[in-house]
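Here is a short report on one protein model. Please look over the fold first, then follow the sections below.

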Amino acid sequence: MQIRKSRSKLVLALITLTAIFFESSPLVGQDTGRPWMNPQHAPEERAEMVLKQLTLDEKLALLHGNGMDHNPQWTMPLTPLTNGGAGYVEGVKRLGIPPLIISDAAYGVRDSGINGRYSTAMPSNLGAASSWDPESACAYGEVIGQDLRAQGFDMTLGGGVDLVREPRNGRTFEYTGEDPLLAGTMDGSMMKCEQAQHVVGDIKHYVMNDQETGRFFVNSIISQKDMQESDLLAFHIAIAAADPGAVMCSYNRINGVFGCENPYTLDEVLKKEWGFKGFVISDWTGTHSTIAASAAGLDQEQPMADYFGPKLKEAVEAGKVPVSEIDDHARRVLYAEFLSGVVDNPPQKSVPDVEKGLEVAQHVEEESIVLLKNDHGVLPIDPSRVHSIAMIGGHADVGMISGGGSAQVDPPGGNAIMPAGKGGTHWQEHIWFPTSPLNALRAKLPNTKIVFDPGSDLQSAAALARDSDLAIVFAYQWESEDMDLPGLSLSGNQNDLIEQVTAANPHTIVVLESGTAVTMPWIDKVAGVVEAWYAGSSGHKALASVLVGDVNPSGKLPITFPKSENDLPHASIPPVSAEDHGQPTGNSSTHTSTYTVHYDEGPEVGYKWFEAQHQQPLFAFGFGLSYSSWEYSGLSVDSASKSVRFTVRNTGKRTGTEIAEVYARLPEGTHESSYRRLVGWKRITLQPGDSQTITVPIDSRVLKTFEPADHQWNFEPGNYGVFVGGSSDNTPLTGSLVIR
Ligand code: BGC
């Protein structure tokens with residue numbers, strides 16, 4: 001009896017195991033004539049197997065888009081298959097290769113409004129970079145990847161990592177800051193985790209796409225060495241971390257050659273030096289030739305087929321483009337599909353996990369808010385002392401602003417300050433999320449009188465502030481793709497408003513919702529400043545938590561805030577001439593624009609420039625306050641392992657998180673020794689009074705210098721200064737690292 005029981009248990013176990021095996025086995029249900037469908041083969045091998053089966057037409061179909069939805073000037077026969085997105089690339093149905101169904105998704109999925117769908121808006125990419133937390137960047141990417149799949153997309157166009165070299169760039173909010181290590185690490189982590197949701201990942205806009213003025217033709221001039229040690233380095237770090245299926249080449253020219261037909265950046269650096277195995281996708285209408293672009297390493301034209309459609313076929317048939325080049329392009333597209341798992345896990349439309357998205361968006365924003373000024377502990381708000389609050393300006397009764405252009409995410413219910421019923425959003429419309437800071441703060445402080453004034457009438461705003469214990473002015477600075485800001489000053493009457501309010505009540509806090517740095521002529525007069533960036537779908541809740549102290553702020557600036565635009569490497573962005581405005585952006589061989597930007601500052605981007613120029617910024621890169629205070633001690637540098645060890649102590653009264661930053665200076669006498677560079681950091685959470693000794697590895701990639709003559713990265717031998725502290729301009733610990 002006993003034996004029979006155990007035997008039947010064994011049989012049951014075997015049946016279950018067999019069932020599990022068959023359910024999960026890649027071999028099940030598969031046509032044995034399709035060995036590439038076996039996920040046990042490496043993506044490279046699978047791509048190669050498919051490639052061998054393809055006709056020339058099938059290969060060519062992988063190399064161009066088929067129009068863009070909601071854009072009548074870019075319509076082709078297959079455009080309806082774009083699923084309401086930015087692009088569509090045919091798959092190979094007979095072989096089980098799905099099409100690429102592509103959407104923009106910088107901080108959430110684009111065009112949800114017009115498509116009748118929902119997507120979470122994460123905080124802006126720059127905001128998220130302020131957390132210096134790759135784990136929260138990963139959660140950010142996961143939400144976007146899941147939302148994309150739920151909407152039926154299998155490829156993202158997120159991943160902006162152009163260095164913030166020009167803070168007036170209207171797309172600064174889409175990028176992850178001015179430092180190659182921070183920007184590359186944060187962007188790479190976002191995209192790695194996004195691609196892990198089985199969407200083809202993308203890193204963009206490759207490269208030197210650092211302003212929007214004249215964006216379709218601006219010629220960015222910079223030496224190879226400088227470019228390698230700045231913007232290219234950020235891309236390399238991001239690409240190494242994310243291993244994305246795709247890299248989007250940029251609109252601009254780089255040293256005279258368009259980004260999407262540039263043999264140096266595409267072929268030599270990206271593909272040969274870095275060994276990138278995915279495909280290069282052009283920015284939308286960023287392709288300008290057939291033979292040159294194909295030879296330079298562009299793999300896929302978007303969103304049309306003007307150069308990589310019939311013209312490419314003709315060029316192949318005429319022997320002007322070798323079939324081996326076509327094979328290389330097609331292989332790369334197939335590789336990206338296998339790598340990201342879209343072949344094995346095609347997207348399935350579903351209801352997005354709204355609650356989870358909101359939770360993650362709140363967490364990311366809580367880590368991203370940067371406390372810039374907090375005189376006499378005006379924050380967090382203490383309801384036992386503050387009985388009345390004047391909340392002023394910035395539509396803070398209704399919601400919070402977001403960043404525009406192709407990154408735009410549509411809010412639930414439409415634009416929060418548009419007349420009811422007007423759905424959908426338009427390119428470069430100011431879009432407000434229905435995330436009311438007023439409601440969120442009232443929920444946190446039920447016994448405090450909180451009154452809102454729109455701030456349009458300065459006197460009425462000042463009068464309300466005078467009658468309140470505390471005033472909070474909400475100031476915003478909207479920006480978007482396809483424009484640059486004229487300057488970093490707040491727009492409209494906002495500076496005057498802050499001046500008037502703070503004159504009426506010195507207990508004034510300014511909350512900034514911005515996509516980049518802001519100049520603050522009133523800084524000495526206000527008691528507090530909080531940078532909330534574009535705060536995403538749960539921004540109001542995160543902000544209220546910080547204002548009342550439920551969350552101890554820990555974000556640090558990923559960009560320098562200058563005192564004035566005059567302190568930047570370029571006092572202004574040169575205007576585009578009338579002739580250049582009419583410049584046809586098509587064929588590169590007939591292109592004549594002379595619009596040029598000389599990046600003579602080279603690798604001295606952001607804080608590096610300020611240090612090299614001996615200029616004090618308004619707020620330094622890496623700066624951010626906490627409701628706690630921190631003490632650093634006991635630095636030891638291990639030259640052999642290239643790491644540093646030191647102790648951080650929470651000397652405040654609250655539990656908090658400190659971002660401990662490590663900088664290094666190249667040996668004296670070397671060209672690059674005029675500035676320090678970020679070489680590592682660690683986030684560390686400590687209870688009041690507690691301390692911890694931590695080890696931070698120094699990242700060699702940002703310590704080496706590039707030798708253009710032999711295309712090598714080398715260490716300059718000598719003594720490197722090492723600096724440790726809570727901000728690029730506050731490093732109490734110093735030591736030295738010796739490299740022989
Ligand atoms: C932008 C890209 C975007 C593409 C597709 C272009 O204008 O520069 O970032 O992905 O459009 O919408």
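## Disulfides

The structure holds two disulfides, a disulfide being a pair of cysteine sulfur atoms within 2.5 Å. With bonded cysteines counted along the chain, the pattern is 1-2, 3-4. The model is predicted: local features need pLDDT of at least 70, side-chain atom pairs count only at pLDDT 80 or more, and totals for chains, interfaces and linings use all residues. Residues are numbered from 1 along each chain as its sequence is written, and side-chain values use heavy atoms, with hydrogens and water left out.

Helices (H or I, at least four residues) and strands (E, at least two) are DSSP runs, numbered from the N terminus. The torsion about the S-S bond of Cys138 and Cys193 is about -100 degrees, so this disulfide is left-handed. Both Cys138 and Cys193 are buried. Buried means under 20% relative accessible area, exposed over 50%, and partly exposed in between (1.4 Å probe, protein chains only).

Cys249 and Cys260 form a disulfide too, again with sulfur atoms 2.1 Å apart. Cys249 belongs to strand E6 (residues 246–249), and Cys260 to the loop between strand E8 (257–258) and helix H9 (263–273), so the pair ties together parts that are 11 residues apart in sequence. Here the S-S torsion is about 110 degrees, so the disulfide of Cys249 and Cys260 is right-handed. Both Cys249 and Cys260 are buried.

## Helix H11

Which residues of helix H11 (residues 310–317) are buried? They are Leu312, Ala315 and Val316. These three cover an arc of only 100 degrees around the axis, which puts them on the same side of H11. The arc is that of the directions from the helix axis to the C-beta atoms. An α-helix has 3.6 residues a turn, so residues three or four places apart point the same way.

Pro310, Glu314 and Glu317 are exposed, on the other side of H11. The buried residues of H11 pack against helix H3 (56–61), helix H10 (291–296) and helix H12 (323–340). Contact means heavy atoms within 4.5 Å. Just after H11, Gly319 takes a positive phi of about 75 degrees.

## Asn505

Asn505 lies in the loop between helix H16 (494–504) and strand E16 (508–514). Asn505 is buried, with a relative accessible area of 5%. A polar atom of the Asn505 side chain lies 2.8 Å from the backbone nitrogen of His507.

Which residues does Asn505 contact, leaving aside its neighbours within four places in sequence? They are Ala465, Arg466, Ser468, Asp469, Leu470 and Ala471.

## Overall build

The secondary structure comes to 19 helices and 27 strands. The radius of gyration is 27 Å, close to the 27 Å that the globule rule gives for 740 residues, so the protein is as compact as a globular protein of that length. This radius is taken over C-alpha atoms, and the globule rule is 2.2 Å times the number of residues to the power 0.38. Along the principal axes, the C-alpha atoms fill a box of roughly 85 × 75 × 65 Å.

Of the 740 residues, 62% count as buried. Among contacts with a separation of 6 or more, residues 24 or more positions apart account for 75%. The protein exposes about 27100 Å², and carbon and sulfur atoms supply 52% of it. Accessible areas come from the Shrake-Rupley method with a 1.4 Å probe; for residues, only the protein chains shown count as cover.

Conventions:
Polar contact = N/O pair within 3.5 Å; in protein donor to acceptor, adjacent residues only side chain to side chain.
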